[in-house]
Amino acid sequence: MIFRTEKDLLGSVKVPIDKYWGAQTERSRNNFKIGLEGTMPIEIIHSFAILKKAAAHTNFEFEILSKKKRDLISFVCDEIIEGKLDDQFPLVIWQTGSGTHSNMNVNEVISNRSHVLMGGILGKGTSSIHPNDDVNKSQSSNDTYSTAMHIASYKKLIKKTIPSIKKLRDSLKKKSNSFKKIVKIGRTHLMDAVPITLGQEFSGYVSQIDHGLNSIKKTLEHLSELPIGGTAVGTGLNSPKGYDSKIIEYIRQYTGLPFKIANNKFEALAAHDAIVESHSSLKQIAVSLIKISNDIRFLSSGPRSGIGEIFIPENEPGSSIMPGKINPTQCEALIMVCTQVIGHDMAISIAGSSGNYELNVYKPLMAYNFLQSAQLLSDACLCFSDLCVKGITPNYKRIKELLDKSLMLVTALSPSIGYEKSAKIAKDAYENNTTLKEEAVRLGYLTVEEFDKLVQPEKMVK
């Protein structure tokens with residue numbers, strides 16, 4: 001590999017000659033060879049580019065950056081946003097907790113790319129765009145990384161996670177409507193209970209997701225607050241008066257999203273409660289989806305030795321040793337995703353609680369976990385909707401068999417003959433392996449006609 005020499009305050013650094021990054025990026029690349037998770041989420045990098053472009057235009061308006069520099073920075077930022085320079089951001093998540101290295105990675109790439117666009121050669125001469133004095137003007141890594149983290153998280157929720165969860169919700173709603181007249185046995189404590197319709201059962205799943213979606217949407221207000229303009233500690237040192245209001249206008253323009261200035265920049269830099277709050281809603285969705293997934297795989301269990309009240313799609317063979325076995329793989333995958341999200345929530349909670357004084361230094365961890373949770377839930381909800389829920393069909397024969405055999409239909413008799421006599425009927429039917437009707441008549445509590453009038457499962461579900 002051929003290298004060029006770049007310099008920073010610590011001295012000279014050899015950088016691959018074909019890369020746009022500079023000395024600080026290269027130092028971080030060599031000092032933090034940690035983990036296999038890969039590089040900083042590209043959503044963070046693209047959000048940085050939105051921010052840097054907005055900063056360039058804002059600095060120009062305040063007459064502290066020339067038009068030529070504004071246009072160069074803006075052009076390179078557009079290249080980054082379009083994904084043309086994705087391979088120029090090699091840094092891992094496990095770096096400085098402020099994200100300074102990734103901020104400088106972006107600054108250096110913009111600087112050196114501008115140098116080449118102006119006819120320069122990497123490693124020769126000095127770029128007319130300085131990474132700190134021009135690209136980072138009126139900014140600190142502390143407010144830029146925090147801002148990029150909020151932009152990336154908000155965009156991911158709006159454009160990916162919420163639509164995917166809503167699609168799953170709509171699939172479940174469609175099934176709930178189509179199953180509304182199918183009466184089946186309910187279960188509490190994993191034991192037989194009184195009847196319910198399959199549609200009512202599925203309506204509970206729809207409601208869980210509705211509440212989860214509402215919870216996520218409520219957190220967007222806090223998440224939309226950006227600390228840009230706070231610079232190092234929230235005071236706005238080295239940024240012109242009114243800078244924050246102007247840069248927010250550009251960010252809103254470039255994203256089409258309702259971002260606003262943080263109500264308190266000290267809070268927005270020292271803590272990341274907005275990320276904690278919003279991810280907690282993702283955890284809520286994860287908890288709900290585990291419950292829903294387990295219900296569906298248990299209801300479809302069998303095919304001959306389980307509950308088997310519903311059929312789910314047969315997507316692939318399930319065993320390398322047992323021929324013909326089919327497993328509820330989409331349920332299992334969704335549960336694993338949700339378990340991971342719950343783990344991410346614990347990491348984010350600890351990171352969020354560990355800010356000290358004027359800065360939280362766990363930003364990359366929080367951003368990585370948040371974005372992965374949002375992406376995983378999005379992907380898993382789409383898979384679960386398309387490859388499981390849409391193909392669920394009732395097993396009418398099995399539903400009727402289990403309903404007719406249930407001893408808890410005896411509950412309908414209590415208002416007429418009392419709890420004690422009803423319990424006696426159920427107990428004797430279980431011990432004698434007979435039906436409720438047979439025991440009610442044998443014990444002399446009811447005639448056949450009286451029993452049939454009282455025990456009508458379709459009337460017990462209203």
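The model is predicted: local features need pLDDT of at least 70, side-chain atom pairs count only at pLDDT 80 or more, and totals for chains, interfaces and linings use all residues. Residues are numbered from 1 along each chain as its sequence is written, and side-chain values use heavy atoms, with hydrogens and water left out.

**Nonpolar cores**

- The largest nonpolar core holds 92 residues. Such a core is a set of buried Ala, Val, Leu, Ile, Met, Phe, Trp, Tyr and Cys residues joined through side-chain atoms within 4.5 Å.
- Buried means under 20% relative accessible area, exposed over 50%, and partly exposed in between (1.4 Å probe, protein chains only).
- Ile-44, Ile-251, Leu-289 and Ile-296 have the most contacts inside this core.
- Helix H6 (residues 141–178) gives the most to this core, with eleven residues. Helices (H or I, at least four residues) and strands (E, at least two) are DSSP runs, numbered from the N terminus.
- Beyond its neighbours within four places in sequence, Ile-251 is in contact (heavy atoms within 4.5 Å) with residues including Leu-51, Thr-147, Leu-226 and Phe-259.

**Helix H13**

- Ile-399, Leu-402 and Leu-403 are buried in helix H13 (residues 396–405). They lie on the same side of H13 because they cover an arc of only 100° around the axis. The arc is that of the directions from the helix axis to the C-beta atoms.
- An α-helix has 3.6 residues a turn, so residues three or four places apart point the same way.
- Lys-397, Lys-400 and Lys-405 are exposed, on the face of H13 turned away from its buried side.
- Cover for the buried residues of H13 includes strands S3 (183–188), S4 (191–197) and S8 (393–394).

**Ser-114**

- Ser-114 sits in helix H4 (residues 100–117). Its relative accessibility is 0%, so it counts as buried.
- A polar atom of the Ser-114 side chain lies 2.6 Å from the backbone oxygen of Ile-110.
- Leaving aside neighbours within four places in sequence, Ser-114 contacts Leu-72, Val-76, Ser-127 and Ile-129.

**Ser-47**

- Ser-47 belongs to helix H2 (residues 42–61). It is buried, at 2% relative accessible area.
- Ser-47 and Ala-152 are 105 residues apart in sequence, yet 5.8 Å apart in space, C-alpha to C-alpha.
- A polar atom of the Ser-47 side chain lies 3.3 Å from the backbone nitrogen of Ala-152.
- Not counting residues up to four places away in sequence, Ser-47 touches Ala-148, Ile-151 and Ala-152.

Technical notes: A polar contact is a pair of N or O atoms within 3.5 Å; within protein, one must be able to donate a hydrogen and the other to accept it, and residues adjacent in sequence count only if both atoms are side-chain atoms.
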